[in-house]
Amino acid sequence: MRATTTGYNPEFDEDAPAFEDVSGVKGFALLEFGASWCGHCQAAAPAVEEAMSAHPSLQHIKVYDGKGKRLGRAFSVKLWPTLILLEDGLEIERLVRPIHADEVSDLLSHVPN
């Protein structure tokens, strides 16, 4: 999946993985929906980056979302950014429009170090 990196991923990728690819991810992963031009996404980026620094081996799947994008619809994304914590491809928790790193850290508290 091109949209996936280990550790913080700074770029939203328009080439979204298929739902089947995401649901097949083993272990923990952070799935993030948004757009590079979105002000809320830009404001959240430093918080996400800071919180993810404590989890350098966590997969970060950062997907450009918008009209006609199926993966965002499959996860019922309504606002950006939406961060979804996955464990073995299943959603265990989500966070919408975070501003502070501690909000994202709380979300990632499920991930073993």
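Biologist: In which strand is the place of Ile92?

Modeller: This is a predicted model, in which local features need pLDDT of at least 70 and side-chain atom pairs count only at pLDDT 80 or more, while totals for chains, interfaces and linings use all residues. Residues are numbered from 1 along each chain as its sequence is written, and side-chain values use heavy atoms, with hydrogens and water left out. Strands (E, at least two residues) and helices (H or I, at least four) are DSSP runs numbered from the N terminus, and the run of residues 90–96 that holds Ile92 is strand E5.

Biologist: What is the relative accessible area of Ile92, and how far apart in space are Ile92 and Glu11?

Modeller: Buried means under 20% relative accessible area, exposed over 50% and partly exposed in between (1.4 Å probe, protein chains only). Ile92 counts as partly exposed because its relative accessible area is 36%. Ile92 is 81 residues from Glu11 in sequence, and the distance between them in space, C-alpha to C-alpha, is 24 Å.

Biologist: What separates the C-alpha atoms of Glu103 and Ala51?

Modeller: Glu103 belongs to helix H4 and, at 29% relative accessibility, is classed as partly exposed. Along the chain Glu103 and Ala51 are 52 residues apart, whereas the separation of their C-alpha atoms is 8.5 Å.

Biologist: How many helices and strands does the protein have, and what is its radius of gyration?

Modeller: The secondary structure comes to 4 helices and 5 strands, which follow one another from the N terminus as β-α-β-α-β-α-β-β-α. The radius of gyration, taken over C-alpha atoms, is set against a globule rule of 2.2 Å times the number of residues to the power 0.38. For 113 residues that rule gives 13 Å, and the protein is as compact as a globular protein of that length because its radius of gyration is close to that figure, at 12 Å.

Biologist: What share of the residues of the protein count as buried?

Modeller: The C-alpha trace spans about 35 × 30 × 20 Å along its principal axes. Of the 113 residues in the protein, the share that counts as buried is 46%.

Biologist: Which side chain meets that of Arg73 in a salt bridge?

Modeller: A salt bridge here is a side-chain nitrogen of Lys or Arg within 4 Å of a carboxyl oxygen of Asp or Glu, and the structure holds 2 of them. The N to O distance is 2.9 Å, and the partner is Asp65.

Biologist: With which residue does Arg94 form a salt bridge?

Modeller: Side chains of opposite charge can pair when their charged atoms come close. The closest N and O atoms of the pair are 2.9 Å apart, and the partner of Arg94 is Glu91.

Biologist: Which peptide bond is cis?

Modeller: The proline concerned, Pro81, lies in the loop between helix H3 (70–74) and strand E4 (82–87). Omega of the bond is near -20 degrees, and the bond runs from Trp80 to Pro81.

Biologist: What is the phi of Ser76, and what is that of Arg97?

Modeller: Ser76 is placed in the loop between H3 and E4 and is partly exposed at 46%, while Arg97 lies in the loop between E5 and H4 and is partly exposed at 32%. Neither residue is a glycine, but phi is positive in Ser76, at about 55 degrees, and in Arg97, where phi is near 50 degrees.
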